[in-house]
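Please read this briefing with the sequence and the model side by side.

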Amino acid sequence: MDVVTISTKSKTYPMYIGSGIIDQLPQLIKDTCKTVSNILVISDETVAQRYLEQVMVLLKTDFKNSYSFVIPAGEAAKSFEMYYQCQTFALSRGLDRSSLILALGGGVVGDLAGFVAATFMRGIPFIQLPTTLLAHDSAVGGKVAINHDLGKNMIGAFHQPNAVLYEIDFMKTLPLKELRSGFAEVIKHGLIGDREFYHWLIREVKTLSDLNKEKLQYAVLKGVSVKAKVVSEDEQEKGLRAILNFGHTLGHAIEAELGYGEITHGDAIAIGMIYALRLSEEIFNFDLSSSSIAASFKRFGFPVTVPQELPPEKLLQRMKMDKKATSGKVKMILLKDIGKAVIKDVDDKQLLLLLEKSYE
Ligand code: NAD
Ligand code: MG
């Protein structure tokens, strides 16, 4: 098992990563939470069907008052409606200020359950039990949120978990599409913060089927370590944390223009990362081997060019609407080298010119 310590200004907490480690959950709860009166496990129906019983059985011995609430699977569950239902369930089961929430699932469950925990009786502890590869990203860092019709993740809080327990075995049932989506964030972490890890990835993982348990565990460990380092320096995104958005400025624009759900987040940011790499090469006049990186991306099954149906002007407009855009210029995350990300305002004209060259 690997243990990573996540340190932020507001909290320091352990993350366990390993295969066959779920049994350690009761002890981890005792080690990281003071007195726990009762526990609410929030999961989604797909994950619950496979792993909820196992978790509830583990809890029952030490924590008699353990309850579970299951939400529908998918992004639509990050809603006011589900948030309200979780709160109602928590209140009706008598949860109080010494209760604990467990988030058993991917980023959707983590974000929703975390926001429930952040606001229930002005905030109670929660523990993340991530079950997707993407959740190596979402389970660390303390951003929790639900969606509003006018924008994704618009209603939320910063609320760090008390601990994270990453059972690698749970990912054996993850559909390939979801694995790939999470893998894009793993690569991102290598590219922005750990050159050696990035080269390990390219060397050891030729296609996603190479991701056996051991490699998956190492990839999660390294990806999380980059994220943890960034978050420890800038918990509330006052500056540096923005580098985690590498590939996301164009990625988000593509997701929004196509309509959410039409493309996975990972596929969208894969296109965004290739674009950002090419832009970096132009701006810093430095060869980052973007063509060979694009070839690796293709082997993993990622798209690397902008979908034909999306006009460049529309995408630019979207990029300018990004939360991170200031004074009309788009704030791009670029690489000065593999493993070295910087934040830079870029002119519309340059963005558009490169966009025009980013179709097949
Ligand atoms: P998800 O939670 O919807 O999971 C994807 C799908 O896989 C779901 O259908 C789920 O039921 C299924 N699934 C989960 N685990 C499984 C398993 N072990 N076996 C089989 N099926 C399984 O999505 P996600 O990709 O994990 O997360 C996406 C969400 O994360 C988005 O809402 C995004 O905004 C959020 N996010 C948050 C942060 C953050 O910092 N808080 C960072 C990145 C992403
Ligand atoms: Mg992302």
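A crossing of two helices is called right-handed if the near helix is turned clockwise from the far one by less than a right angle, and left-handed if it is turned anticlockwise. In this predicted model, helix 9 passes helix 12 in a crossing of the right-handed kind.

**Helix 9 and helix 12**

- The axis of helix 9, which covers residues 248-258, and that of helix 12, which covers residues 312-321, come within 9 Å of each other and cross at roughly 115 degrees.
- On the helix 9 side the contact is made by Thr249, Leu250, Ala253, Ile254, Ala256 and Glu257, and these meet Lys314, Leu315, Arg318 and Met319 of helix 12.
- Sorted by class, the residues in this contact between helix 9 and helix 12 are six nonpolar, one polar and three charged.

**The chain as a whole**

- The protein chain contains 13 helices and 11 strands.
- Its radius of gyration is 20 Å, close to the 21 Å that the globule rule gives for 360 residues, and the protein chain is therefore as compact as a globular protein of that length.
- Among the 360 residues of the protein chain, 45% count as buried.
- When contacts in the protein chain between residues at least 6 apart in sequence are considered, 74% of them join residues that are at least 24 apart.

**Surroundings of ligand 1**

- Ligand 1 is surrounded by 28 residues, of which the closest are Thr46, Gly106, Gly107, Val108 and Ser138.
- Two or more residues of this shell come from each of helix 2 (45-62), helix 4 (107-119), helix 5 (135-138) and helix 6 (176-193).
- Of the elements around ligand 1, helix 4 gives the most to the shell, namely four residues.
- By class, the shell around ligand 1 is made up of nine nonpolar, 12 polar and seven charged residues.

**Glu214**

- Glu214 lies in helix 8, which runs over residues 213-233.
- Because Glu214 has 11 C-beta neighbours inside 10 Å, and a residue with 12 or fewer is classed as exposed, Glu214 counts as exposed.
- Although Glu214 and Ile168 are 46 residues apart in sequence, their C-alpha atoms are 9.0 Å apart in space.

Notes
Residues numbered from 1 in each chain as written. Chains lettered and ligands numbered in written order. Predicted model: local features only at pLDDT ≥ 70, side-chain atom pairs only at ≥ 80, totals over all residues. Axes fitted to C-alpha atoms, helices over the stretch in contact; angles between N-to-C directions. Contact = placed C-beta atoms within 7 Å. Nonpolar A, V, L, I, M, F, W, Y, C, P; charged D, E, K, R; others polar. Rg over C-alpha atoms; globule rule 2.2 N^0.38 Å. Buried ≥ 20, exposed ≤ 12 C-beta atoms within 10 Å, placed from the backbone. Near = placed C-beta within 6 Å.
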